[in-house]
Amino acid sequence: MRGGEAERSSATGAYERLLRAIEEGEIVPGSRLREAELAERFAISRTPVREALGRLEAQGLVVHEPHRGASVAQLDYGQVSELYDLREVLEGTAARLAAIHASEVEVEVLEEMVARDRAHVGDAMTMARTNRQFHRQIHACARNRFLQGMLETMRLSLVLLPGATTLASPSRATEALDEHVRIVAGIRAHDGDAAEAAARAHIRAAFKARIRILQEV
């Protein structure tokens with residue numbers, strides 16, 4: 001691999017590792033992001049780290065402040081509320097379209113994902129990861145590239161949500177899985193109204209759980 005290609009590859013790798021660290025809570029909102037420390041952490045030069053930080057800044061995940069440098073962006077209560085409002089609309093639309101377009105095999109995959117996740121209740125990090133996979137599978141079933149683009153942009157903002165995952169509570173995790181069951185039931189029945197209503201209710205319940213977390217932060 002030539003020098004320029006290697007540097008671009010390193011920048012992409014640094015971006016993906018930084019995003020994953022933020023998404024999984026290893027680097028929390030408000031944390032300072034020092035190029036030298038990140039370069040040492042990823043065992044790469046500072047140039048690809050700088051490019052990765054620039055990409056994250058363009059996506060709104062990193063901010064630069066005078067005399068402080070780069071840090072992970074933070075959402076205030078109003079922004080969190082706005083994010084969940086949009087999420088309810090987009091996830092509801094995705095579920096409605098999935099009810100129209102999902103194949104029998106895809107419905108079976110969704111059902112298997114919900115059944116599998118029953119074994120992960122109590123494991124917050126695994127639940128958070130498989131929850132993202134479940135929603136991405138619905139997005140894929142929706143068959144709408146423009147909606148998927150909006151959902152992906154929203155997903156990036158979701159990594160900035162303050163506090164632990166709402167699925168850290170076993171009771172909430174169990175409730176969320178029951179909500180997933182209702183979403184999939186609507187999709188299996190090819191009932192767009194039911195699928196959308198279930199998805200919207202799911203996001204509203206997630207927002208309530210997030211508010212409880214915010215009250216404790």
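# A chat about the helices, pockets and core

Visitor: Hi! Where does Leu 156 lie?
Guide: Leu 156 lies in helix H7. Keep in mind that this is a predicted model.

Visitor: Is Leu 156 buried or exposed?
Guide: Leu 156 counts as buried, because its relative accessibility is 9% and the cut-off for buried is under 20%.

Visitor: Let me try another residue. Where is Thr 130, and is Thr 130 buried or exposed?
Guide: Thr 130 sits in helix H6. Its relative accessible area is 4%, so Thr 130 is buried.

Visitor: What separates Thr 130 from Met 113?
Guide: In sequence, 17 residues; in space, 8.0 Å from C-alpha to C-alpha.

Visitor: OK, on to confidence. What does the chain average in pLDDT?
Guide: The protein chain averages a pLDDT of 93, and 95% of the residues score at least 70.

Visitor: Good to know. How many residues are in the largest nonpolar core?
Guide: The largest nonpolar core has 32 residues. Those with the most contacts inside this core are Tyr 84, Leu 110, Phe 134, Ile 138, Leu 147, Ile 183 and Ile 187.

Visitor: Which elements give two or more residues to this core?
Guide: H4, H5, H6, H7, H8 and H9 do. The largest share, nine residues, comes from H4. In soluble globular proteins, nonpolar side chains tend to be buried together.

Visitor: Now for pockets. What volume does the largest pocket have?
Guide: About 800 Å³. The largest pocket is lined by 37 residues, and those nearest its centre are Arg 132, Leu 158, Leu 161, Thr 165 and Arg 210.

Visitor: Which helices each supply at least two residues of that lining?
Guide: For the largest pocket, those are H1 (3-23), H4 (77-101), H6 (124-142), H7 (145-158), H8 (170-188) and H9 (192-216). H6 supplies the largest share, eight residues.

Visitor: How do the lining residues of the largest pocket divide by type?
Guide: There are 17 nonpolar, nine polar and eleven charged residues in the lining of the largest pocket.

Visitor: What about the second largest pocket, what volume does that one have?
Guide: The second largest pocket has a volume of about 150 Å³. Its lining includes Thr 165, Arg 172, Glu 175, Arg 212 and Glu 216.

Visitor: Let's switch to strands. How do E1 and E2 run, and how many bridges join them?
Guide: Strand E1, residues 62-65, and strand E2, residues 69-72, run antiparallel, and four bridges join them. Val 63 stands opposite Ser 71 in E2.

Visitor: How many residues lie between E1 and E2?
Guide: The two strands form a hairpin with three residues between them. His 67, in the turn, has a positive phi of about 65°.

Visitor: What about phi at Ala 43 and His 190, and where are they?
Guide: Ala 43 is not a glycine, yet it has a positive phi of about 55°. Ala 43 is in the loop between helix H2 (35-42) and helix H3 (46-58). His 190 also has a positive phi, near 55°, and is found in the loop between H8 and H9.

Visitor: Last one: why does Ala 43 count as exposed?
Guide: Ala 43 counts as exposed because its relative accessibility is 68%, and exposed means over 50%.

Conventions:
Residues numbered from 1 in each chain as written. Predicted model: local features only at pLDDT ≥ 70, side-chain atom pairs only at ≥ 80, totals over all residues. Heavy atoms only, no water. 1 Å grid on protein atoms, 1.4 Å probe; cavity = no way out; pocket = protein on both sides within 12 Å on 5 of 7 lines; lining within 4 Å. Points joined across faces, edges and corners; volume = space filled by probe spheres on them. Nonpolar A, V, L, I, M, F, W, Y, C, P; charged D, E, K, R; others polar. Pairing = 2+ DSSP bridges. pLDDT = per-residue confidence, 0-100. Core = buried A, V, L, I, M, F, W, Y, C linked by side-chain atoms within 4.5 Å. Buried < 20%, exposed > 50% of the residue type's maximum accessible area, 1.4 Å probe, protein only.
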